[in-house]
Amino acid sequence: MQSDQYSYLPILMQLILAVGFVVGTILISGKLGPKRTSEIKDKNFECGIESVGNARIPFSVKYFLVAILFVLFDVEVIFLYPWAVNFKELGMEGMLKMIVFMALLLVGFFYIIKKKALDWE
């Protein structure tokens, strides 16, 4: 049992070394780096355009809805890859389960189309 614990020692040493290097680099660069501030440097800057007005403008809920639906359907499509890799081994039972999965996916897709969740206005 103890010999198994000693086999994790190199991993622990590498983790300590990596974390120590990152923390050390951040601390040293913070202490040795230049500290020059000015009004121009402290000004907000975005893509070459001067900031005008309040940055707290609310986004449309449609934006978030489309983003969530994209993630949802993207994750569901990821499940197709393991099924395709193991297609022969799963046989007819795997095929039927995937048909049910795809049917539910299509029902959800047609539901969001019917609710016009993807219409951008």
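Colleague: On what basis are residues numbered and counted here, and what pLDDT do side-chain atom pairs need?
Modeller: Residues are numbered from 1 along each chain as its sequence is written, and side-chain values use heavy atoms, with hydrogens and water left out. As the model is predicted, totals for chains, interfaces and linings use all residues, local features need pLDDT of at least 70, and side-chain atom pairs count only at pLDDT 80 or more.

Colleague: How many aromatic pairs does the structure hold?
Modeller: Rings of Phe, Tyr and Trp (its six-membered ring) pair if their centres lie within 6.5 Å; planes under 30 degrees apart count as stacked, over 60 as edge-to-face and the rest as tilted. By that rule the number of aromatic pairs is five.

Colleague: What is the geometry of the pair formed by Y63 and F64?
Modeller: The centres of Y63 and F64 are 5.3 Å apart, with 80 degrees between the planes. Relative accessible area is buried under 20%, exposed over 50% and partly exposed in between (1.4 Å probe, protein chains only). Y63 is partly exposed at 43%, and F64 is partly exposed at 42%. The geometry of the Y63 and F64 pair is edge-to-face.

Colleague: Why is the pair of F79 and F101 edge-to-face, and how many residues apart are the two?
Modeller: The ring centres of F79 and F101 are 6.3 Å apart and the planes stand at 90 degrees, so the pair is edge-to-face. Helices (H or I, at least four residues) and strands (E, at least two) are DSSP runs, numbered from the N terminus. F79 is partly exposed at 49% relative accessibility, and F101 is partly exposed at 25%. The pair links distant parts of the chain, with F79 in the loop between helix 3 (61-78) and helix 4 (80-85) and F101 in helix 5 (residues 87-114), and the separation is 22 residues.

Colleague: Which residues is F73 in contact with, leaving aside its neighbours within four places in sequence?
Modeller: Contact means heavy atoms within 4.5 Å. Beyond its sequence neighbours within four places, F73 is in contact with L105, G108, F109 and I112.

Colleague: Which helix gives the most to the nonpolar patch?
Modeller: Patches are made of residues with over 30% relative accessible area and no salt bridge; like charges are joined within 9 Å, nonpolar side chains (Val, Leu, Ile, Met, Phe, Trp, Tyr) within 5 Å. Areas come from the Shrake-Rupley method with a 1.4 Å probe, and for residues only the protein chains shown count as cover. The patch of about 920 Å² includes Y6, L9 and L27, and L27 is exposed at 54% relative accessibility. Eight of the patch residues come from helix 2 (residues 9-32).

Colleague: Which side chains meet in a salt bridge?
Modeller: A salt bridge is a side-chain nitrogen of Lys or Arg within 4 Å of a carboxyl oxygen of Asp or Glu, and the structure holds one. Both partners lie in helix 5, four residues apart, about one turn of the helix. K97 is exposed at 54%, and E93 is exposed at 52%. At 3.1 Å, N to O, the side chains that meet are K97 and E93.
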